Amino acid sequence: MTSGHDITISQGTEHIRVVRDGRLLAESRRPLVLRETGCPVRYYIPAADVRTELLTPSDTRTPCPFKGEAVYWSVPGGDDVVWGYPEPKAVAAGIADHFCFYDTEVV
């Protein structure tokens, strides 16, 4: 990217789990690893590895000048726990159809 801001996406092999209130929300051995200037490393989990039936779409939306507009999901009756970019910008195209959780555990 330009202006000193870089985004790299690579195929990870880490075993990622997301558990909230004793419920397994996601588990994957094929996350995408996103590294972005000034941000912590984030794991983007393929939709097939996320228990979307346990999530509720949120009204929350946040713009990112580099990745596009993020949309969020919550656990019923709780806070937003995960986001994704349904139509990411070209530099982040690989994260389409992936979810990124606030709290992930590398097993």
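Predicted model: local features only at pLDDT ≥ 70, side-chain atom pairs only at ≥ 80, totals over all residues.
1. The seven-stranded sheet. Seven strands form an open sheet in the order β1-β4-β5-β9-β8-β7-β6, and the pairing is antiparallel. Its edges are β1 (7-11) and β6 (56-64); each has a single partner strand, so one side of each is left without a neighbour in the sheet. On average, neighbouring strands of this sheet are turned by 30° against each other, direction ignored.

2. Strand β4 covers residues 32-36 and strand β5 covers residues 42-46; the two run antiparallel and are joined by three bridges. Val33 has Tyr43 of β5 as its bridge partner.

3. The three-stranded sheet. Another open sheet, also with antiparallel pairing, has three strands in the order β3-β2-β10. Here β3 (23-28) and β10 (105-106) are the edge strands, and each pairs on one side only.

4. The β2-β3 pair. Five bridges connect strand β2 (residues 16-20) with β3, in the antiparallel sense. For Arg20, the bridge partner in β3 is Arg23.

5. Ser74. This residue belongs to strand β7 (residues 68-74). Is Ser74 buried or exposed? The cut-off for buried is under 20% relative accessible area; Ser74 has 9% relative accessibility and therefore counts as buried. With neighbours within four places in sequence left aside, Ser74 is in contact with Leu54, Leu55 and Thr56, and also with Asp79, Asp80 and Val81.

6. The largest nonpolar core. This core has 17 residues. Which of them have the most contacts inside it? They are Leu25, Ile45, Val50, Leu55, Val81, Val82 and Phe101. At least two residues of the core come from each of β2, β3, β5, β7, β8 (80-84) and β9 (98-101).

7. Leu55. This member of the largest core is also one of the residues in contact with Ser74. Again leaving aside neighbours within four places in sequence, the contacts of Leu55 include Leu25, Val50, Val81 and Val82, which are likewise listed among the residues with the most contacts inside the core. Trp73, Ser74 and Val75 are in contact with Leu55 as well.

8. The second core. A separate core has twelve residues. Among them are Leu32, Tyr44, Trp83 and Ala92.

Notes: Residues numbered from 1 in each chain as written. Heavy atoms only, no water. Pairing = 2+ DSSP bridges. Helix = DSSP H or I, 4+ residues; strand = E, 2+ residues; numbered from the N terminus. Axes fitted to C-alpha atoms, helices over the stretch in contact; angles between N-to-C directions. Buried < 20%, exposed > 50% of the residue type's maximum accessible area, 1.4 Å probe, protein only. Contact = heavy atoms within 4.5 Å. Core = buried A, V, L, I, M, F, W, Y, C linked by side-chain atoms within 4.5 Å.
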